[in-house]
Amino acid sequence: MIRHAQRVAEVEPGDIDHIECHGTATPMGDPVEVAALTDVFGTAQQDHPTWLGSVKSNIGHTSAAAGVAGFIKTVLMIEHRELVPTLHYTKPNPLLDLDTSPFEVCVDGRPWPAGRTPVAAVSAFGVGGTNAHVVLAAAPLIPAPAEGSSARTLLLSAATPEALGRYGHQLAERLEAEPAPALDAVARTLADRRQHPHRACVVARDHAEAARLLRGVRAPQRRSLSQVAFLFPGHGVLRHPTGAAPYRLMPAFREHFDEIAGFARARFGIDLSPVVSGTPVAPEWFEDWAHQQLGLYTLGYALARQLQEWGVKPAALFGNSVGEYAAAALAGVWSPTDAAVLVHERAEGLRATAPGRMLAVNAPVEEVTRRVRLGDEVTVSMFSRGGVVLSGPAQAMTELIDGDALAGLDLKPLNVDRAAHCELQAPVADRLAQLISAMPTRLPELRMVSNVTGEWADPDAVSGPDYWGAHVRRPVQLDAGMATLLGSDCDTFVELGPGSTMLGALRLAPQWDPAHAAVPLLGREQDEERGLLRGLGALWERGLDVAGPTLAAAGAALDGAPDTARRCSLPGHPFAERDPGTEAPRPDTARADSANRGSAARRRVEELWCQSLGVTSASDPDNFFDLGGESLVVLNLMTQLREKAHVVVPVAEFMREPTFGHLRRVAEEQLGDGPFGETVPEAAVTEAAAPPEPRFTRLREGSGRPVFLVADAADSTLSYLALADGLDTTRPVLGLEPRDVDGARIEEIAAFHVQTLTGLQAEGPYTIGGWSFGAVVGHEMASQLARRGARVDLLVCLDAYMPGQAGRRIGTDPTFVLGHLRLMACAALGVGEAGAQARRNPALRGLLLDKFRTLTRYRPRPVSCPTAVFKVGVGAGEARQLRLGLEGLYGPDVTVVPVAGEHWSLLREPHVGDLAAKLSGLLADNSIEERHDGE
């Protein structure tokens, strides 16, 4: 074994400086071990000894941990380049015969032999015959990369606000110590660590700045990104290449910007690269109407799409003037290139009108009206920040500005040579209406605040030409729009453009709540890179985990260098004096729980809880995820509870309160255990018949007809949580989870769900969906409902569809059989994503086999309801071909919608946002008959 290890490691015996022996310190054990080593190393003396040692002289025999203890000791010696002594050694056992060997026991601490790479070996021998010998070598020294010039982003998170503060101080001390780790390495290490709920983002250019900022970190108010409003600024704020940093940093932004920019270059001959290239251009370039407005539109739209692809679902959109075009394109009113045509036509039309001027007056409209006669030539073009903006012909406006009518008021002439949002723009309004009338439009899929009314935009009006004609000639109701937005449930406002003019107006509104979050995504010209990093960091602080890797690599990306950062040693998460999940110290919590220790149900639940998490005890406040649990481990725990304790808890219900106390209470309710020790006998817990399972779980609250999602192959609706959360609908989303389905046929499972469904919604139409196995059950449910005379208005199949032919067993379809056999083999062998899922949820292997048997017996019947098949890995052409193949079982009302991701990642970030957006569009009108394949 020792010779084999050396051959595998490609080392000679003379290369090894130290051997960490098993070292039993028995009269026979040590001589046998040294004899084996001598047989491999030889008896000839070398120019330097091979040192022997054993950690057992330090800590004693640790049984099963003996081998790993020696391994750790040896790694530490190599790291510190130091040989440590074997304690309590005085003279060798004569049977060792060290004098005729190359070995010498290390009895004094000494530096590791210099002049070559440190190499050592570790032996561990078990009584049962399990033996191990490991050869270790020092890692090659890698020179630290040069620090870049761009700022670095440090992402801190902790379980409590107090721990976050201590963590910041500890990291500051580490950065001030010598040698200090590179900031790139610090950024990478922090980003790769577990993300806790209390967070702070530090953007710094050097160690000193980072240490100073770290000492002052405070956790922001905890809030989610479920109620986010996107804001798009208006004309005039684009004055420098503000898109350069996001273009280098964010792939989706770059992709969508390039799409529109390429179209603008080909269609209009306009090069938008100065917006993102960072190459200096004359200020006049940004003053051009077409450059300014096309640049703003493209920036805002591309930024919004990046956030959407990261999973940020806007609850509202509000654009100022030309900014509303970005909002409309994002809401789906037009395609991004059609919107670019309108923005370009609008800008060129403005430039073609008679010269004009605009003047911001910081005074109420009543005061302005008292001083100036409005309506003939000079008119109000915007109501903003409690004041107004006046527009009119150049001569009339110049006379007003130079005259005495507005004397004493705060005036600011705007840097434009045309008068917007007034009757001078009537020709532009007519041209835009003409273009929109001939252009494909759709109802907006997201809420928009209207510039024209200051209220929520009427979807029918926004998709028509008259609205946009009025939009360019009527005043912008910015103040009213701000009031509408602040009167909604939005609490986080993100400005998607240069500066923070929209956020500034929001903050000045009387309805502004200091608890709201205002996030400008792009910075000022002086610190645009830092501004972007701070903006993204603010979103990460509020739960945008997917931005973490981008922020960790941001420094190198902004420097135009590859990301070569390696992780480094940093202080760990500070331990809390009290359990983060409770105000009381843990010992007191344990004593408070002592009354329940005699409960048989509690003991059984605690046993399974501890097995799942690898902990030794449990108390009511313990949170499953705070203790390192993962979603798939939840599935395994719920399966074990059902099979071994006869306690049934829907996964989605547990996810809403993932604590041990919650499980204990459910177990006591179902098994009859009282909370004060009135227990049933232990045997009764084992032998009790399983209670009826809850038939549905609420994935999302709402009103109106529910959207029903059928449990997947794991008999769980946990997989739908992110999708339900991301849907833009007011309807509730309910998950249908089965009772004991061992051996049940598809028809029986579907019948059980139909009974649950009709109990929750007495009459149709019904909306049903499912992923993978759930899609097959959903198909049968639609068939059964149709035979009852009920209508299904939408059947949603998520990366699954009915294989085979109507009336024939699915098991006769070779494509299905081979595909499922491959899936089960991957799960059994631990290969690929299926194997990874099975390793984390061992019950999945049995479930896949059970579902395979169930599916092979099923004879599907055709359904005639509208059906949407969301399919990964297909393009528009493949979607059309697939649709033709599905018409036999689904009829002519089937459509295939390509979506991002692959089968296992479809319902997870970052791909679930794409799916949720497309499904939301179908749920908004439940009319897919007019949609084209591949949309």
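Contact means that heavy atoms lie within 4.5 Å. The model is predicted, so to speak of local features a pLDDT of at least 70 is needed, side-chain atom pairs count only at pLDDT 80 or more, and totals for chains, interfaces and linings use all residues. Residues are numbered from 1 along each chain as its sequence is written, and side-chain values use heavy atoms, with hydrogens and water left out.

**Exercise 1.** Find which residues F493 is in contact with, leaving aside neighbours within four places in sequence.

*Solution.* Step one: among the contacts of F493 are A229, L231, L485, L486 and W512. Step two: F493, together with F230 and W334, touches the most other members of the largest nonpolar core, which has 112 residues. Such a core is a set of buried (under 20% relative accessible area, 1.4 Å probe, protein chains only) Ala, Val, Leu, Ile, Met, Phe, Trp, Tyr and Cys residues joined through side-chain atoms within 4.5 Å. Step three: helix 11 (residues 289-309) gives this core its largest share, 11 residues.

**Exercise 2.** Work out in which order the seven strands of the open sheet stand.

*Solution.* Step one: strands are DSSP runs of E with at least two residues, and helices are runs of H or I with at least four, numbered from the N terminus; two strands pair if DSSP finds at least two bridges between them. Step two: the order is 19-21-20-22-23-24-25, with mixed pairing. Step three: strand 19 (696-700) and strand 25 (894-899) are the edge strands, each pairing on one side only. Step four: strand 23 (residues 792-798) and strand 24 (residues 867-872) pair in the parallel sense over four bridges, and C797 stands opposite V869 in strand 24.

Key. Buried < 20%, exposed > 50% of the residue type's maximum accessible area, 1.4 Å probe, protein only.
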